[in-house]
Amino acid sequence: MIEKIELSRGWTASCNVTGRPDLNTGIPAAVPGCVHLDLLAGRLIPDPYIDVNEITNDWIGREDWTYRCSFDSAPDDERVHELVFDGLDTVAAISLNGEEIGRTFDMHRTYRFDVSERLKPGANELSIVFRSAYAYGAEMEEHYGYRPNNYPGPGNLMRKMACNFGWDWGPTLVTSGIWKPVRLESWNRARMAETRVSATLAGGDGLVTVHATLARQGEPTPLMLTATVAGQELAVAIPPDTDEISFEIRVPSPQNWWPHHLGAQPLYSLGLELSCDVSNDLLDTYTKDIGFRSVRLDTSADEHGSAFTFVVNDVPLFVCGANWIPDDCFPSRVTAERYASRVDEAKAANINMLRVWGGGIFERDEFYEACDRAGMLVWQDFLFACASYPEEEPLRSEVEAEVRDNVVRLMPHPSLIVWNGNNENIWGFDEWGWRPVIKDGESWGLGYYLDILPKLCAELDPDRPYYPGSPYSGSMTIEPNADSHGCKHIWDVWNDVGYEVYRNYIPRFCSEFGWQAPPNWATLEESVHDAPLTPVSNGVFHHQKATEGNDKLIRGLAGHLPIPETMDDWHFATQLNQARAIRFAIEHMRSHRDICKGAIVWQFNDCWPVTSWAALDSAGRRKPLWYAMREAFDPRLLTIQPRAGGLAAVAVNERTLFWRAKISGKRMKLDGTVLAEFEFWRHLCDRFEAKAFPLPADIAAPAAAHDEIVVVQMLDRRAFHYFVEDIDLRLPKPRAAIKVTTTADGCEVHITAESFLKDLCLMADRLDPDAVVDSMLVTLLPGESHTFKVRTSKAVSVKDISLGKVLRSANDLLDGH
């Protein structure tokens with residue numbers, strides 16, 4: 001049996017920095033970890049997430065760092081001894097007992113080195129010298145020549161997390177270190193060197209395909225590989241002269257694995273045991289939880305262009321998604337519990353797909369396991385983003401090894417339903433001015449996306465679709481970001497124009513669109529200590545990485561909300577505008593479900609405290625956008641949309657049962673006066689359908705007055721239509737009766753509206769940084785009530801619910817305008 005010794009203790013990190021003798025001799029180092037975390041733990045640097053400390057830590061990524069440890073061993077000549085590194089960041093030379101044993105150039109893959117001839121009895125000295133990524137990048141630019149990159153740094157010239165070098169939501173924190181486990185493995189006779197597992201459906205049965213590649217030692221011996229899953233067992237003999245074996249196991253009538261909005265997520269434990277067929281000695285094992293489901297990506301031509309529809313278990317889906325970035329600039333800090341919490345938050349927001357974006361990392365196994373359990377679909381980018389990439393050596397071989405490593409590692413997960421070649425690189429070549437810069441005959445990555453990656457996926461993981469890019473229209477002869485083909489990114493909205501322009505697009509699938517806002521107030525106060533705190537104070541401004549980001553925040557309010565005059569109003573107005581923009585876009589796309597089959601919001605999470613497009617800030621606090629997404633992604637959505645010169649109430653149903661109910665509505669003034677009403681006894685929306693109900697003319701006719709709205713109801717779903725934007729809407733001064741009652745886990749805040757209240761929010765973190773509120777963005781007609789349920793350990797009274805700070809609404813932004 002394989003013996004494994006984890007090498008996680010006794011490490012030091014050192015660096016020859018002038019004037020820093022404490023670093024020359026070495027400091028304690030955590031493994032897994034990185035040098036920034038080691039320096040933080042030793043209180044040798046300020047926290048780079050706080051204020052403008054990021055810039056004081058820039059030197060760290062420009063130095064070489066050496067990690068050392070000593071470990072005891074008792075080498076056995078009858079066994080193979082290998083040092084296994086699951087993740088080294090990034091360019092490193094590894095030495096054992098003073099002799100170099102290998103070099104690494106890719107943080108995204110595992111390296112294995114045979115040290116059988118170099119291991120000593122007793123103490124062994126292991127050292128890893130990490131080269132500065134900047135220095136290596138300069139060397140590689142000399143080697144390859146310049147390649148366009150949309151962001152600073154040489155991330156496109158090496159296989160390192162690209163956003164390490166900074167992004168329009170992330171700091172520049174260029175890490176080095178042992179970011180995944182390292183261990184000594186000892187084995188004899190044979191081990192499973194590569195194990196590929198696929199689980200899919202074959203009619204009503206489950207089909208498990210196993211392909212195992214073996215490493216052998218010594219005189220070849222006959223082996224036996226035994227597989228067990230769901231009560232089925234199969235033993236396969238492996239002759240001495242065979243190093244590869246493939247077989248299938250059929251599981252009768254398993255329960256299907258479903259995305260969470262459609263069904264359950266049964267998982268079955270697959271076990272593989274490799275043994276000697278002569279002595280029956282157990283040599284190696286493999287275990288993985290798998291799920292049975294089918295998946296395909298429909299890109300067939302139709303009357304609108306060509307489809308982009310994910311089909312799971314023969315059910316075409318509308319994807320309600322969000323983009324996932326690394327959850328921390330220091331990925332080793334993300335625990336299994338944090339992964340599970342983030343995935344649960346996505347599920348609670350009615351998100352059914354997370355797209356793991358290509359400028360980050362292949363996440364650790366715990367992320368995909370959490371998605372398997374939660375029924376959260378995963379779109380996995382290969383790690384190419386917003387840049388051109390050389391296809392020459394040595395990068396090409398590292399890419400191939402990295403792809404093989406991660407496809408094999410991740411392919412058993414039922415949640416993973418697509419491999420995607422790159423993020424925005426084909427678009428960048430076509431429309432970002434790269435063509436004149438890249439010389440004739442120079443590579444820029446297209447060979448990866450159209451040749452190497454699809455071939456590897458077809459070889460290793462043929463049961464899962466591959467798509468060359470996002471955005472991409474399915475052919476190099478079609479503009480890559482076309483509405484009518486493939487997947488689209490919408491970024492003129494936010495960058496150049498207001499969110500009302502979302503209605504100009506009906507994409508086949510939108511895999512990126514977003515709008516910015518600051519993090520929650522408690523997160524801002526924890527990370528920035530400016531006095532006073534303003535949108536342009538040094539710390540707040542530093543935690544805004546987008547080009548002209550603050551200007552775009554204000555410009556995006558134009559025509560919707562007044563320009564805020566205080567920091568409190570700036571914070572709430574921009575958060576509210578973000579929530580409204582994304583809800584507007586999602587409802588529009590979902591209302592065109594017959595054409596558009598997915599909306600993936602940029603972005604779900606943050607890696608540090610920052611003004612960004614995220615719904616969940618870096619502290620895990622829900623921004624108003626999170627609540628807007630939960631409502632807009634509700635499997636049963638009611639929305640009012642322009643149709644054929646009028647208005648229609650559109651019911652959208654992603655449930656497995658039809659939705660049939662009375663639909664009613666009224667046109668009314670903000671003071672509650674009803675001007676017109678309608679009632680239709682039964683509106684029927686079938687499963688997986690968007691069904692429009694045209695509103696009567698007296699309800700939908702344009703308003704002459706600026707205080708009229710339309711309200712439509714279908715069971716417990718309600719939709720509002722405003723004839724004018726808030727800046728022209730005569731919203732009354734907010735008036736409400738407030739009552740607070742204590743509960744077992746916090747309190748309930750009861751609000752009874754004494755005036756029309758639009759987008760009422762209780763900002764729970766203003767009461768208690770750890771508080772969580774169950775709802776936001778609630779609109780109340782005069783006389784209506786709503787109860788906010790707050791989880792908090794703090795005692796809360798009515799006097800704590802201050803209007804204009806804790807209890808906010810669009811009304812108080814308009815008050816006085």
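In this predicted model, helix α13 covers residues 567–591 and has 25 residues. From its first C-alpha to its last, helix α13 reaches 36 Å, close to the 36 Å expected at 1.5 Å a residue. The helix is mostly covered, with 23 of its 25 residues buried.

A sheet is formed elsewhere in the chain by three strands. The sheet is open, its strands follow the order β13-β14-β17, and the pairing is antiparallel. Strands β13 (190–202) and β17 (244–251) are the edge strands, each of them pairing on one side only. From one strand to the next, the twist averages 15 degrees. In general, the strands of a sheet pair through backbone hydrogen bonds, in either a parallel or an antiparallel manner. Strand β14, which spans residues 205–216, is joined to β17 by eight bridges, and these two strands run antiparallel.

Ser-618 is located in a loop, between β32 (598–601) and α14 (624–632). The relative accessible area of Ser-618 is 17%; because buried means under 20%, Ser-618 counts as buried. When neighbours within four places in sequence are left aside, the residues in contact with Ser-618 are Arg-342, Thr-523, Asp-606, Cys-607, Trp-608 and Pro-609.

Technical notes
Residues are numbered from 1 along each chain as its sequence is written. This is a predicted model: local features need pLDDT of at least 70, side-chain atom pairs count only at pLDDT 80 or more; totals for chains, interfaces and linings use all residues. Side-chain values use heavy atoms; hydrogens and water are left out. Helices (H or I, at least four residues) and strands (E, at least two) are DSSP runs, numbered from the N terminus. The expected span of a helix is 1.5 Å times one less than its number of residues. Buried means under 20% relative accessible area, exposed over 50%, partly exposed in between (1.4 Å probe, protein chains only). Contact means heavy atoms within 4.5 Å. Two strands pair if DSSP finds at least two bridges between them. Axes are lines fitted to C-alpha atoms, for helices over the stretch in contact, and angles run from 0 to 180 degrees between N-to-C directions.
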